Structures are given as structure tokens and as C-alpha cells.
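Visitor: I would like to learn how to read a sheet in a model like this one. Please start with the terms.

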Amino acid sequence: MRKRIIRISGLLLAVLAFTFWLTLGLATPIQTVEDALEAVRAGRAGELALDQADAGKIAGFFQFAQTKQLGEPEVTLSEHFVSADERQVVARFLAIEYNPNRTVRQTYGGTLVFALHKSAFAAWRITQVEVSQQMGPHD
């Protein structure tokens, strides 16, 4: 009986460890896009397996905010199912310009759409970046 309890406990521990590894080790489409955004923002676009034109589109959104001295834009990501091996991630950028009295003068926003393809069991690859809405003032 004791051996049986040890075996069951060991099996449960192995299942829990595997589940933990899966949840931490798997790159999600959102995580892949977050990593790409951070790399481009930090000037490390060359480290990415990303087309230079696509990296330029991303950089343009960050440069817009920097040029206007708006600070770091807030980025909201949402994932959309296309198929088992394909996803789209929509990145919405928002930057706010303030008056000297700390009231909002103008809001700026833009949208990028990332097409991703599953390249391995736990990996996603960005295949295309499209500008859905150019970074600019919101009315």
C-alpha cells in the first residue's frame, strides 16, 4: 500500500511539474508580440526574426511618441483566432499630451495588426505587421 501511495504521489508530482513547465515555457502569440515590441523599442530589432520593413512600422509608432515628447505610449494587445496554426494580435497604441495644468490637451493613437504562424509546438513567428491605423491624433 505504501509503495502505491509513493507511485501515485510521484505521478501527480510529475504531472504538476509538466503542467507548470508548459504554462511557463510556452510562448503565446501575445508574448511573442510583447517581446518584439520591447526589442524594437529598445533598439534591438536586429535580434528579431522580423522583416526590416515590419520592424520599421513598429519603430515608427514609438518614434512618433518620442518626437512629440509624449512619453512611452500605452500598448494594449488582443489576440484573435484565425486557425489552429495562425493568430492575429492587434496592438493599440495610446499616448496623451498634457497642458501645463495637467489637463489633457490631445490624445494620439494608432493600431498595428500582427499576423503570426505557429512555427513549433511552443513557438510563434511574426509573419507580417500591418498598419491598421497610423499613429496620429484622435478626434
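Guide: Two strands pair if DSSP finds at least two bridges between them. Strands (E, at least two residues) and helices (H or I, at least four) are DSSP runs, numbered from the N terminus. The model is predicted: local features need pLDDT of at least 70, side-chain atom pairs count only at pLDDT 80 or more, and totals for chains, interfaces and linings use all residues. Residues are numbered from 1 along each chain as its sequence is written, and side-chain values use heavy atoms, with hydrogens and water left out.

Visitor: What is the bridge partner of Ala91 in strand 3?

Guide: In general, strands of a sheet pair through backbone hydrogen bonds, either parallel or antiparallel. Here the partner of Ala91 in strand 3 is Leu112. Ala91 is also the bridge partner, in strand 2, of Leu77.

Visitor: How many bridges join strand 2 and strand 3?

Guide: Strand 2 and strand 3 (residues 104-120) pair over 13 bridges, in the antiparallel sense. Strand 1 (residues 74-83) pairs with strand 2 (residues 86-98) over nine bridges, also antiparallel. Strand 3 and strand 4 run antiparallel and are joined by eleven bridges.

Visitor: What lies between strand 2 and strand 3?

Guide: These two strands form a hairpin with five residues between them, and Arg102 in the turn has a positive phi of about 70°. The hairpin from strand 1 to strand 2 runs through two residues, and the hairpin from strand 3 to strand 4 runs through two residues.

Visitor: In what order do the four strands lie?

Guide: The order is 1-2-3-4, in an open sheet with antiparallel pairing. Strand 1 and strand 4 are the edge strands, each pairing on one side only. From one strand to the next, the twist averages 20°. Angles run from 0 to 180 degrees between N-to-C directions, and axes are lines fitted to C-alpha atoms, for helices over the stretch in contact.

Visitor: Which strands does helix 2 touch?

Guide: Contact means heavy atoms within 4.5 Å. Helix 2 (residues 29-41) packs on the sheet and touches strand 1, strand 2, strand 3 and strand 4, its direction making about 140° with that of strand 1. Helix 3 (residues 52-67) also packs on the sheet, touching strand 2, strand 3 and strand 4, at about 40° to the direction of strand 4.

Visitor: Why does Gln133 count as partly exposed?

Guide: Buried means under 20% relative accessible area, exposed over 50%, and partly exposed in between (1.4 Å probe, protein chains only). Gln133 counts as partly exposed because its relative accessibility is 35%. Gln133 lies in strand 4 (residues 123-137) and is the bridge partner of Thr111.
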